[in-house]
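Subject: Structure handover

Hello,

Here is the structure I said I would pass on. Please open it and keep it beside this email while you read.

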Amino acid sequence: MSLDLPSPIADFVAANARLDVDEMLKPFAADAVVLDNKARYDGHAGLRALFEEAVIPVKAIFTPDTARREADQVVVEGPAHGDFKGSPIRFTYRFDLDGDLIRALEITA
C-alpha cells in the first residue's frame, strides 16, 4: 500500500529502508528532538547516535501502513522488521513538522 506522506516523512522512511544514516538525517531540523522509548535524542549528533546504535546494527526498517493527522501532528503506524527480538514490532511515529523539516518525533511501540 502506498501512503500519501508529507515529503520529509516519506524521505525519512525511504532512507530508513536503505539503512542510509546520512539520508535519514536530512529531513530533520538541525535542532530536532526525538523521543524513542522515553530516551531523548537532540539534534543531528543525537539522532546519528540513535540510528547508528539502535537501527543500523539490527537492520530495523519501519514500514508504515497507516497515516493520519491528529491536531498538528502526522501520526504514522506500522511494523518495524529487523534482526531484533520480537521482530516485527508495531510502532507509532508522531511527527511534528516545520515546513519541509521534521522538528520532533516521538516513537512508541
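This is a predicted model: local features need pLDDT of at least 70, side-chain atom pairs count only at pLDDT 80 or more; totals for chains, interfaces and linings use all residues.

Backbone

Start with the peptide bond between S87 and P88, which is cis, with omega at about -5°. To find P88, look in the loop that runs between β5 (73-81) and β6 (89-98).

L19 sits in the loop between α1 (7-17) and α2 (21-25). Its relative accessible area is 25%, so L19 is partly exposed. The other is A71, with a phi of about 55°. A71 belongs to the loop between β4 (66-70) and β5. Is A71 buried or exposed? Its relative accessibility is 77%, and because the cut-off for exposed is over 50%, A71 counts as exposed.

Aromatic rings

A pair of aromatic rings is described by two things, the distance of the centres and the angle of the planes. How many aromatic pairs does the count come to? The count is eight. In one of them, the ring centres of F12 and F95 are 6.3 Å apart and the planes are at 70°, so this pair is edge-to-face. F12 is in helix α1 and F95 in strand β6, 83 residues apart, so the pair links distant parts of the chain. Both residues are buried: F12 has a relative accessible area of 4%, and F95 is at 1% relative accessibility.

F28 and F51 form another aromatic pair, this one tilted, with 6.3 Å from centre to centre and 55° between the planes. Because F28 is in strand β1 (residues 28-36) and F51 is in helix α3 (residues 43-55), this pair ties together parts that are 23 residues apart in sequence. F28 counts as buried at 2% relative accessibility, and F51 counts as buried at 5%.

Which residues do the ring pairs link into a cluster? They are F12, F28, F51, F62, F91, Y93 and F95.

The largest pocket

Rolling a probe the size of a water molecule over the atoms shows where empty space is left. The largest pocket has a volume of about 430 Å³. It is lined by 24 residues, and those closest to its centre are D36, A54, V55, F91 and I107. Which elements each supply at least two residues of the lining? They are α1, β1, α3, β3 (61-62), β6 and β7 (101-108). The largest share comes from α3, with four residues. By type, the lining divides into 20 nonpolar residues, three polar and one charged.

T92 is in strand β6. With a relative accessible area of 14%, T92 is buried, because the cut-off for buried is under 20%. The side chains of T92 and E77 are joined by a polar contact of 3.2 Å. If neighbours within four places in sequence are left aside, T92 is in contact with V75, V76, E77, E106, I107 and T108.

T63 is found in the loop between β3 and β4. Its relative accessible area is 38%, so T63 is partly exposed. From T63 to V76 there are 13 residues in sequence and 9.6 Å in space, C-alpha to C-alpha. Apart from neighbours within four places in sequence, T63 is in contact with G78, P79 and H81.

I9 is part of helix α1. Is I9 buried or exposed? I9 counts as buried, at 0% relative accessibility. In sequence, I9 and L101 are 92 residues apart, while their C-alpha atoms are 8.6 Å apart in space. Not counting residues up to four places away in sequence, I9 touches V74, V76, F95 and L97. F95 is also the ring partner of F12 in the edge-to-face pair.

Regards

How values were computed: Residues are numbered from 1 along each chain as its sequence is written. Side-chain values use heavy atoms; hydrogens and water are left out. Buried means under 20% relative accessible area, exposed over 50%, partly exposed in between (1.4 Å probe, protein chains only). A polar contact is a pair of N or O atoms within 3.5 Å; within protein, one must be able to donate a hydrogen and the other to accept it, and residues adjacent in sequence count only if both atoms are side-chain atoms. Contact means heavy atoms within 4.5 Å. Rings of Phe, Tyr and Trp (its six-membered ring) pair if their centres lie within 6.5 Å; planes under 30 degrees apart count as stacked, over 60 as edge-to-face and the rest as tilted. On a 1 Å grid over the protein atoms alone, a cavity is a set of points where a 1.4 Å probe fits but cannot get out, and a pocket is an open set with protein on both sides within 12 Å along at least five of seven lines; lining residues have an atom within 4 Å of a point. Grid points are joined across faces, edges and corners, and a volume is the space filled by probe spheres set on the points. Ala, Val, Leu, Ile, Met, Phe, Trp, Tyr, Cys and Pro count as nonpolar, Asp, Glu, Lys and Arg as charged, and the others, Gly among them, as polar.
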